[in-house]
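User: I would like to learn how to read a structure like this one. Can we go through some features in turn?

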Amino acid sequence: MSILRNWYWIGLCVGIAFFAARFYLRYSVPLYQASGQILIKEDANSGGALSEEAVLQEIGILKSGNKLVNEIQILKSRTLMQEVVNKLGLDVQYVGQGRIKDSELYGNSPIVVDSVHWGDEKQSATLEVDMQGELDYTYFGEEEEKSTHNFGQALIIKKDTFWLSRNPSAERNIRLQIKIGQGPGRYLQKLKINTVGDYSNVLALEMQDPVPQKAADILNTLIEEYNQAAIDDKNQVAKKTLEFIDERLRLLTDELGSVEGGLESYKERNNIPGETSTAVSFVLGEVARYDNELTQQQIKLELLRSVEEMLSGDVEQYELIPANIVLGDAAGLDQQIASYNGLLLERERFKRSAGTGNPQLQSLNQQLAGMRQNIVQSVRALRQNLQLSARETQQKLSQLQNRIDQVPRQERELLEIKRQQNIKEALYLFLLQKKEETALSAAITVPNARVIDPAIASGAPISPKPMQIYAIFLMLGFTLPVGLIFLREMLDDKIYSEADIKGLTATPVLGAIAQNKTDNPIVVKANSRTAIAEMFRLLRTNLNYLSGGNAQQSILITSGMGGDGKTFIAINLGISLSLAKKKVVILGMDLRKPKLSKYLMEQSDYENVGLTNYLVSEMIPQEIIYPTGINDELYFMPSGPVPPNPAELLSTPKLNILFEYLREQFDYIVIDTAPVGLVADAFLLEPYTDISLFAVRYANTPKEMIKGLEEMRRDGKLKNPAIVLNGVKKGKGYGYGYGYGYGYGYGYGYGYGYYEEDGKKSWIRKLMRKKS
């Protein structure tokens, strides 16, 4: 019912919420999402063998999927995103300023930053500019200070210097805010990377941004930079190998040139026109073959010694091993070196995005340590075999050398020179071959990832969603006022309806009186057909049913607190009874704050001789009963001056004499007494009453007062109690209305000096002081 009573407030809030949603959708910055998918390739050199990583995964030491986790961390690394920022020029952001909403100008800003020279280490700045013409622009400094500059002219701000130029492809006259020095952090926060499925190597990349094309460009460039970085990492081995071969080739070139020059000089000096004999040539060929074989064995021994020294040194020192130059080994050393280099490159890539204490990095360190030990053992075994082969080759060379010693001196010397030439040529050709093989391997290096779906931006914004925003705002527009209504009702303890009363007490509700919106307290008049007059007539009728047909009735009217309208009810009920040709007297027995004379005669009670005078003197009842002038059947008895001891006066025996007289003279006695919620005056009058009416004011009387009335009913403190609901608003029936008020009080007190109206002291107080 409360919701129905306040439907217009709810409707107003829903309407405001609807327009607030439209305003939000109109001026909020939409977000678009770009997404793409890539496939992380497996290592090509893993083959079908069981790797150490697979073994660690099998026994539970290493979690499966670590490679994907490592690649995700690399994709999210700040270094990689910085490369994307540099390539796309995202370190400078151009924002077009509108009246309410700003928008980013990606790729279509009318003014662009050509270059910047920083004067300090801050390296970030924000410029506000506006293009004025084809050749100049306006710069807005601090406190909107303006200055005009030409394009291409240096703009000096404090220690920093900027050069701006005009973008002819963007014809927009708009004020710009240029943010220079934007880092990769703001884009890393927007980047989301997840695996597709539980057992696939597919990664889904997503990014949200107000500019859809910008988000797509960032993702595509990120994939390109990731693949290029992976290729560069893989080519580090080839680069180190090529450096080693080039260094050896430079030395061999010098040595081969020296040997060939010496051979030519020897022939000219000794006038040797042709080649040596066939036998000598055969021996020379054999010597060259064994020399070439011995040279290769020595090269392999030298390389093995370098590898062993490299791996046997500091275990914290990680260095790539030259590959693809040790061939034909039965121990598979080339494959082990390639696996070691691959794992080392993976460690270096992961180290860029993870700290030194990362568990996965420590796992890679353990794998590298194990592979180092295996390689060292293989190197030592292979070196022993090569040393044995080298000794056998040296023995054969010694035998051939003995044969050479038997030829003539010139031929022997020539043979020795050609032997050195052949050795250098063979070694030079061998290194050239390895160089070409290494360069070819580097040229065909494949990236780590294959693009499945390139990043594209969504056509419609993903946020805000209009239907969702309307639903949220309308829900708030409805639930907020409804919640406030329920909260208000939970905190409010006032009476608003007959149902509220019946839920707290078994005392019957005799009737309801409408709210009096006039200043005149007398609302019941002869021949009056107003709603409030009819309500009092209905109350009069209900009194007959409550009394059970008794001819004489003494009706006590009280309330729980001041302001509930008990005097108003007493007067108008008395008038209504008198209009039914019943002789009625209204007693002003509220000796603490009387208002009966004020309502009836427009004068204060202490100005007339009344009940107080009767109780403290030898007066008779006839002297304190006055006609009201409303009709001939209605009389009233004012309370008289306010006494200091109301309760004691109401306990005197003269009160009994008064009521005996009144019952003989009047059909109805209507008693207006003090509220029972604050004083006990009404309880003292209980022996003289037949019916007790309890006035409850709509939206004013607390529920605690009704609970107190229920206790009085159970204890029998009031005779035949009934409730009159007063002040019901028009159109609300029995109080199903609205309107709340907080704070109540009647103002009753005790002792001398209480309730002095208009600064006047009670004459009865003076009389009592004289008697004392």
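User: What is the order of the six strands in the open sheet?

Analyst: First, a caution: this is a predicted model. As a general idea, strands of a sheet pair through backbone hydrogen bonds, in either a parallel or an antiparallel sense. Here the order is β3-β2-β10-β5-β6-β7, and the pairing is antiparallel. The edges are formed by β3 (103-104) and β7 (146-150), each of which pairs on one side only.

User: How many bridges join β2 and β10?

Analyst: Strand β2 (residues 92-96) and strand β10 (residues 175-180) are joined by five bridges, in the antiparallel sense.

User: Next, helices. How many residues does α2 have, and what distance does α2 reach from its first C-alpha to its last?

Analyst: One way to read a helix is to compare its span with the value expected at 1.5 Å a residue. Helix α2 (residues 7-27) has 21 residues and reaches 30 Å, close to the expected 30 Å.

User: Which residues of α2 are buried?

Analyst: A residue counts as buried when its relative accessible area is under 20%, and as exposed when it is over 50%. In α2 the buried residues include Ile10, Ala17 and Ala21. Because they cover an arc of only 40° around the axis, they lie on the same side of α2. The cover over the buried residues of α2 includes α1 (2-5) and α12 (466-491).

User: Which exposed residues does the face turned away from the buried side carry?

Analyst: That face of α2 carries Ile16, Phe19, Phe23 and Arg26.

User: Now a single residue in a loop. Where does glycine 640 lie, and is glycine 640 buried or exposed?

Analyst: Glycine 640 lies in the loop between β18 (634-637) and α18 (646-649). Its relative accessible area is 1%, so glycine 640 counts as buried. To see what surrounds a residue, set aside its neighbours within four places in sequence; glycine 640 is then in contact with Asp605, Tyr606, Asn608, Gly610, Leu611, Thr612 and Asn613. Glycine 640 and leucine 591 are 49 residues apart in sequence, with their C-alpha atoms 7.9 Å apart.

User: What does the side chain of asparagine 726 have 3.1 Å away?

Analyst: A polar atom of the asparagine 726 side chain lies 3.1 Å from the backbone oxygen of aspartate 564. Asparagine 726 is in strand β21 (residues 721-728), and with a relative accessibility of 2% asparagine 726 is buried. Its contacts beyond four places in sequence include Ile513, Ala514, Phe568, Val696 and Tyr698, as well as Asp564 itself.

User: And which residues does tyrosine 661 touch?

Analyst: Tyrosine 661 sits in helix α19 (residues 654-665). Not counting residues up to four places away in sequence, tyrosine 661 touches Pro621, Gln622 and Ile625. Proline 621 is 40 residues away along the chain, and the two C-alpha atoms are separated by 7.4 Å.

Technical notes. Residues are numbered from 1 along each chain as its sequence is written. This is a predicted model: local features need pLDDT of at least 70, side-chain atom pairs count only at pLDDT 80 or more; totals for chains, interfaces and linings use all residues. Side-chain values use heavy atoms; hydrogens and water are left out. Helices (H or I, at least four residues) and strands (E, at least two) are DSSP runs, numbered from the N terminus. Contact means heavy atoms within 4.5 Å. Buried means under 20% relative accessible area, exposed over 50%, partly exposed in between (1.4 Å probe, protein chains only). The expected span of a helix is 1.5 Å times one less than its number of residues. The arc is that of the directions from the helix axis to the C-beta atoms. Two strands pair if DSSP finds at least two bridges between them. A polar contact is a pair of N or O atoms within 3.5 Å; within protein, one must be able to donate a hydrogen and the other to accept it, and residues adjacent in sequence count only if both atoms are side-chain atoms.
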